[in-house]
Structures are given as C-alpha cells and as structure tokens.
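Biologist: Could you walk me through the charged side-chain contacts in this one? I would like to go pair by pair.

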Amino acid sequence: MIKQAYVQAGDKPEPALKEIKDRIATAVDATEGSTGLKRLACWLQMPVDSAFGKMMDSNCQARAKEVGALLSGKDGLFTPADLGSVLSAPAAWTGIDKALKAGSAVYVNGPADHVGGAQSKFTSGFHVIVFLAVGKDADGSVYYLGLDPDVSATAESRAAWKALVAGEPETKPEEFTPAKSLGVVKSMILGDGDTAFGPLVRKYYVDTTAKFPKIKRFV
C-alpha cells in the first residue's frame, strides 16, 4: 500500500493548500443538492449503514472522472497512462507533476489494496483516487495531495462519517436536505480549519521510480 499521512498546516504543496481548499469549496457549492443524496453521491463513496457492512456503489472510476473534472482548471482532468505498465515510471510522474502544477487534477488508477486506505471495504480489483497537488516534506520526502472519495478508507474517515450520519442514509434520503448534504461533504473533504482538510484528503508517498503493482482483474 502507498504510505499515507494527513495534511499538516505547515505543508506547502504546489498548488498551495488554500488554492486547493478554495477550488474544492467552489466545486462542492456548485453541485446540485436538491434531490436527497445527489450531492453526496457525486462526491462520496458511501456506506449503506453506519456499520459499514456494505457500500452503496463501487463506481470509483466514474466518480473520480466527474470529481476530477470539477476540480481541474482550463486544461481539464489529466489521465496518465496505466501506471502499472508505463515504459518509464519516472517519466510518467514527471508528466503528473507538470499537470498538477498547471492546475489539473490527476486521475490515479491502481490496485485497490495499493491506492486505497487501510480500512477500505475495497480490497480487491482496482480503485481510483484524484491527486490535486505535489509537495515535499522538510526531510525531502515527496508526496501527492490526494482525494479519496471512499468514506470507508481509514479509521478517521469512518469515525467522521458516523458522527455526521446516523442510521442508514440510503433509506432516509429525505433527511439529506441541500444544507445537510453540503455540510456532510464539506466536513468529510474540507474539515473545519483554514488549511487542514477532512479525512478524505491525504498525503500519498509514492515510489515514483517503480511501476504500480498490476491490477488483479479476477479474484
């Protein structure tokens, strides 16, 4: 699995944290939220109930494309070549860095157990996340700022969801007014601080010298 960590206020990726937060907030505000779970289903891969026994869908590919497009600048979403079969991994990541710094979100597809979180319900097949920036820690470690819509991905994301949503959202769509859905999405993605993020935005420490593991299509 790619090493992951949560964003710190002192992190200085490119684009900057404030720019990324503003971009997300603007896009979330602009999505429709008047039909129950519509806004949530756009941005989040949600559980059916608070026990995380089952997820509402496995549409990570379509969701990443939609969310990535909403979070991209004039050049649109950047979709690199298959990171498990590229001829040169360093060259592929150089292209990703360039796209991120130019304001595009990047579609990142890989084995579910490689790109997902440790607690994710998705452990086989593939998963897709969206990278938004690239940065470097004080010790020189390079990281990518990524959005993983999977609410089940980490212990923190599970706890945050359960605090926000009681019961079974799939059977209570009438409870998700535009204001409620907006608040849930923003809490899960943006959090409450000026520079920190919610539990669905994390730092990913990728070995850019190596290809991704191959996706196992059949398990």
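**Salt bridges, pair by pair**

Modeller: Bearing in mind that this is a predicted model, I would start with Asp 22, which has a relative accessible area of 38% and is therefore partly exposed.

Biologist: Which residue does Asp 22 form a salt bridge with?

Modeller: The partner is Lys 18, and the closest N and O atoms of the two are 2.8 Å apart. Both sit in helix α1, 4 residues from each other, so about one helical turn separates them.

Biologist: And Lys 18, is that buried or exposed?

Modeller: Lys 18 counts as exposed, because its relative accessibility is 56%.

Biologist: Changing topic, how many salt bridges does the structure hold?

Modeller: There are 9 salt bridges in the structure. One of them joins the side chains of Asp 11 and Lys 203, at 3.2 Å from N to O. Asp 11 belongs to the loop between β1 (3-6) and α1 (17-30), while Lys 203 is in strand β5 (residues 201-205), so this pair ties together parts that lie 192 residues apart in sequence.

Biologist: Are those two buried or exposed?

Modeller: Asp 11 and Lys 203 are both buried, and together with Asp 137 they are linked in a network of salt bridges.

Biologist: What does Asp 29 form a salt bridge with?

Modeller: Asp 29 pairs with Lys 186, with 2.8 Å between the closest N and O atoms. This pair links distant parts of the chain, since Asp 29 is in helix α1 and Lys 186 is in helix α7 (residues 178-189), 157 residues apart. Asp 29 counts as partly exposed at 41% relative accessibility, and Lys 186 is also partly exposed, with a relative accessible area of 24%.

Terms used:
Residues are numbered from 1 along each chain as its sequence is written. This is a predicted model: local features need pLDDT of at least 70, side-chain atom pairs count only at pLDDT 80 or more; totals for chains, interfaces and linings use all residues. Side-chain values use heavy atoms; hydrogens and water are left out. A salt bridge is a side-chain nitrogen of Lys or Arg within 4 Å of a carboxyl oxygen of Asp or Glu. Helices (H or I, at least four residues) and strands (E, at least two) are DSSP runs, numbered from the N terminus. Buried means under 20% relative accessible area, exposed over 50%, partly exposed in between (1.4 Å probe, protein chains only).
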